[in-house]
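Keep the viewer open and follow along.

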Protein chains: 2
Amino acid sequence: MKLIIQRDRLVQSVQDVMKAVSSRTTIPILTGIKIAATEKGVTLTGSDSDISIESSIPKEEDGDELAEIIESGAIVLQARFFSEIVKKLPTDTVVIEVQNHLQTVIRSGKSEFNLHGLDAEEYPHLPQIKEENVFRISADLLKMMIRQTVFAVSTSETRPILTGVNWKIEDRELTCIATDSHRLALRKAQIETESNESYNVVIPGKSLNELSKILDDSNDPIDIVITENQVLFKAKHLLFFSRLLEGNYPDTSRLIPTDSKTDVVVNIKEFLQAIDRAALLARDDRNNVVKFSTFENQLIEISSNTPEIGKVIEEVQAQSIDGEDLKISFSAKYMIDALKTLDGTEIKVSFTGAMRPFLIRPINDDSILQLILPVRTY
Amino acid sequence: MKLIIQRDRLVQSVQDVMKAVSSRTTIPILTGIKIAATEKGVTLTGSDSDISIESSIPKEEDGDELAEIIESGAIVLQARFFSEIVKKLPTDTVVIEVQNHLQTVIRSGKSEFNLHGLDAEEYPHLPQIKEENVFRISADLLKMMIRQTVFAVSTSETRPILTGVNWKIEDRELTCIATDSHRLALRKAQIETESNESYNVVIPGKSLNELSKILDDSNDPIDIVITENQVLFKAKHLLFFSRLLEGNYPDTSRLIPTDSKTDVVVNIKEFLQAIDRAALLARDDRNNVVKFSTFENQLIEISSNTPEIGKVIEEVQAQSIDGEDLKISFSAKYMIDALKTLDGTEIKVSFTGAMRPFLIRPINDDSILQLILPVRTY
């Protein structure tokens with residue numbers, strides 16, 4: 001293999017595929033990045049066997065020459081060293097050449113690295129996915145849907161299925177749901193597709209987080225293909241594979257209350273900041289539990305108290321409070337996480353009593369909801 | 001005590017005095033910040049008994065009212081909580097009021113905190129320092145001198161005196177020296193003073209690092225007073241006290257070679273980047289040792305080699321190489337640290353053989369020198 005490649009493009013591709021490389025893998029070859037040169041260009045691959053990422057650099061793009069392939073071939077280079085090296089190379093182009101015995105020379109200006117490569121034949125093959133039933137979504141919407149749900153997955157391995165986000169596709173609508181059994185996040189959106197297949201799969205939260213880091217905030221289309229045990233996200237020059245979690249995701253629909261006894265409409269920023277301050281004096285070991293009470297004249301009070309330190313009372317003027325008076329306690333952390341996913345200036349919080357889960361939603365937008373279970377202190 | 005104070009000014013002062021507050025102190029009251037209100041204004045104090053910082057907020061400055069003192073007095077509040085609270089308060093002004101039993105109310109807009117205070121009478125008094133023999137230096141020069149020397153102090157407690165920077169004042173010249181016995185940094189500057197006293201003291205590296213973080217990059221004058229066991233730095237509205245290290249600093253003057261056998265003049269940026277790359281394949285456990293060799297035609301080669309991974313060779317075109325040919329090995333980390341303290345485009349490296357310490361200096365500037373001991377590999 002011998003090729004000449006634009007350094008900046010190489011650095012970007014290496015950075016993308018590094019998201020899948022784990023230093024803690026038990027499979028030695030997966031500590032490496034596979035570099036393959038063909039007549040089409042260069043592809044880099046990284047994998048930790050849960051996630052695999054392939055990034056392509058074409059020979060030419062928009063009239064610019066990105067890579068010149070002098071000899072086709074492939075090699076695997078230690079990811080940690082290779083990524084550090086390419087970032088620091090002195091000139092705009094880089095020569096990569098595999099010599100005898102997998103010895104690989106990386107040359108840039110007056111800098112010459114000589115790395116021991118690994119045999120690319122031993123690198124695992126990426127899943128072969130038939131591209132039937134493709135559905136399509138823009139990168140920015142996909143990133144938004146991930147951000148609005150993935151924070152609510154469970155971090156505990158006691159119920160592994162809850163460490164993933166449940167993706168359901170039915171009637172050209174994608175619904176993403178995550179819950180750790182103390183809170184739930186749900187987001188829906190229309191998708192483009194030519195098929196009418198239904199899906200119900202669970203994608204590991206970690207995979208979605210890594211995917212979100214790689215995607216641009218553009219409205220470029222992302223093609224998504226779901227198989228029995230894999231999902232593939234296809235962007236321009238990028239393939240992102242993730243395994244799916246095995247098992248059945250719990251039916252969450254009956255968790256979501258359909259009626260409410262107290263509805264509060266409040267400015268999201270004022271509410272968030274008041275809770276953030278109240279959380280300062282809430283004990284860490286109870287997930288920063290704060291108390292929330294409604295009063296006359298659309299007043300809300302948020303308070304917390306740590307006997308050794310002191311207490312705090314925050315007043316917030318609500319837009320409206322309808323229904324029964326309420327005193328309820330909840331995790332300030334969960335509330336802050338939920339509020340940060342919501343856009344707009346006002347939100348509606350709908351309670352069905354101090355012991356029941358409550359809903360947080362934007363006004364006039366039912367594509368997203370956040371649900372939180374209260375803490376029993378009153 | 002009752003006062004009304006500008007929040008932003010309070011936040012800045014709290015941030016400054018927090019630099020001296022340690023959460024690991026064994027003296028409970030030092031986990032707090034002392035707040036004192038007098039007819040002049042408000043002073044905040046933080047201390048870990050090695051460093052003490054006092055920040056003042058006058059009642060008025062440049063015609064702006066910064067603080068209104070309604071009742072004089074003092075209180076000590078838990079630093080960690082108080083600093084988090086003031087940062088997040090909603091309005092531009094803050095009321096702080098001590099009520100019965102040291103209960104302290106902090107009020108801002110519709111936010112009300114109630115903290116248990118500690119008795120300010122129990123807070124240790126700051127050192128009383130007679131302001132004789134003041135010398136003066138601008139804040140930016142002081143920060144520069146700290147930055148150019150403090151990185152070279154020892155991090156090991158086996159010789160505690162080497163964890164400090166040796167400050168010597170003689171004939172209106174300040175010399176700062178730091179060494180960890182593998183390298184040495186020296187910086188000199190003229191200072192303003194009305195006395196002709198000589199000093200030879202050792203200031204803890206940690207104190208100088210914290211001082212450097214607080215000082216602005218301005219040419220405001222800093223007054224410095226040295227006593228037997230303390231040093232005081234006085235800026236506008238700020239007092240910074242540090243204890244001095246006890247013991248005699250080693251005489252470093254005989255370490256510094258006065259002659260040289262090989263002199264290399266090289267572009268600092270090219271040299272730094274080549275060493276940075278060569279260090280990528282140098283073993284971590286040997287402080288990233290790289291090899292340096294001179295060749296004909298003003299060529300320098302920097303190389304390193306880790307048998308399991310690979311090797312790297314960097315060529316740098318020097319401005320000039322005078323004297324004997326040389327092969328020498330040194331720590332890339334020490335060289336990078338030293339080069340980063342030097343300004344200008346070219347530096348001169350003066351060697352006296354592969355086994356002797358060598359010097360790195362800017363061209364035509366003898367106010368600073370960096371010395372590194374080589375590693376014996378050739």
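How are H1(A) and H2(A) oriented relative to each other, roughly parallel or roughly antiparallel? Before we get to that, bear in mind that this is a predicted model.

**A helix pair in chain A**

Find helix H1 (residues 7-18) of chain A and helix H2 (residues 79-88) of chain A: their axes come within 9 Å and cross at roughly 150°. Angles over 145 degrees count as roughly antiparallel, and H1(A) and H2(A) are therefore roughly antiparallel to each other. Their crossing is left-handed.

Now zoom in on the side chains. From H1(A) come Arg7(A), Leu10(A), Val11(A), Val14(A) and Met18(A), and they meet Ala79(A), Phe82(A), Ser83(A), Val86(A) and Lys87(A) of H2(A). Sorted by class, the contact of H1(A) with H2(A) has 7 nonpolar, 1 polar and 2 charged residues.

| Helix pair | Angle | Axis distance |
|---|---|---|
| H1(A) and H2(A) | roughly 150° | within 9 Å |
| H3(B) and H4(B) | about 140° | 10 Å |
| H5(B) and H6(B) | about 155° | 10 Å |

Start with helix H5 (residues 268-279) and helix H6 (residues 332-340) of chain B, which pack at about 155° with their axes 10 Å apart. That angle makes H5(B) roughly antiparallel to H6(B). On the H5(B) side, the contact is made by Ile268(B), Phe271(B), Leu272(B), Ile275(B), Asp276(B) and Ala279(B). H6(B) brings Ala332(B), Met335(B), Ile336(B), Leu339(B) and Lys340(B). The tally for the contact of H5(B) with H6(B) is 9 nonpolar, no polar and 2 charged residues. As for handedness, H5(B) passes H6(B) in a left-handed crossing.

Next up are helix H3 (residues 139-149) and helix H4 (residues 205-214) of chain B, packed at an angle of about 140° with axes 10 Å apart. This angle makes H3(B) oblique to H4(B). The crossing of H3(B) past H4(B) is left-handed. Leu142(B), Lys143(B) and Ile146(B) of H3(B) make the contact with Leu208(B), Leu211(B) and Ser212(B) of H4(B). By class, the residues of the contact of H3(B) with H4(B) split into 4 nonpolar, 1 polar and 1 charged.

**Where the chains meet**

How many residues of chain B are in contact with chain A? There are 27 of them, and they touch 27 residues of chain A. Between them, chain B and chain A bury about 2,700 Å², with 58% of it on carbon and sulfur atoms. The interface of chain B and chain A also has 2 salt bridges. For one to look up, go to Asp276(A), which forms a salt bridge with Lys88(B), where the closest N and O atoms are 3.2 Å apart.

**Two loop residues to look up**

Finally, check out some backbone angles in chain B. Ser49(B) has a phi near 75°, a positive value in a residue other than glycine. You'll find Ser49(B) in the loop between strand E3 (41-47) and strand E4 (51-58) of chain B. Asp62(B) isn't a glycine either, yet has a positive phi of about 50°. Asp62(B) lies in the loop between strand E5 (60-61) and strand E6 (64-65) of chain B.

How values were computed:
Residues numbered from 1 in each chain as written. Chains lettered and ligands numbered in written order. Predicted model: local features only at pLDDT ≥ 70, side-chain atom pairs only at ≥ 80, totals over all residues. Heavy atoms only, no water. Axes fitted to C-alpha atoms, helices over the stretch in contact; angles between N-to-C directions. Helix = DSSP H or I, 4+ residues; strand = E, 2+ residues; numbered from the N terminus. Parallel < 35°, antiparallel > 145°, perpendicular 65-115°, else oblique. Left-handed = near helix turned anticlockwise from the far one by under 90°. Contact = heavy atoms within 4.5 Å. Nonpolar A, V, L, I, M, F, W, Y, C, P; charged D, E, K, R; others polar. Buried area = accessible area lost by both parts, 1.4 Å probe. Salt bridge = Lys/Arg side-chain N within 4 Å of Asp/Glu carboxyl O.
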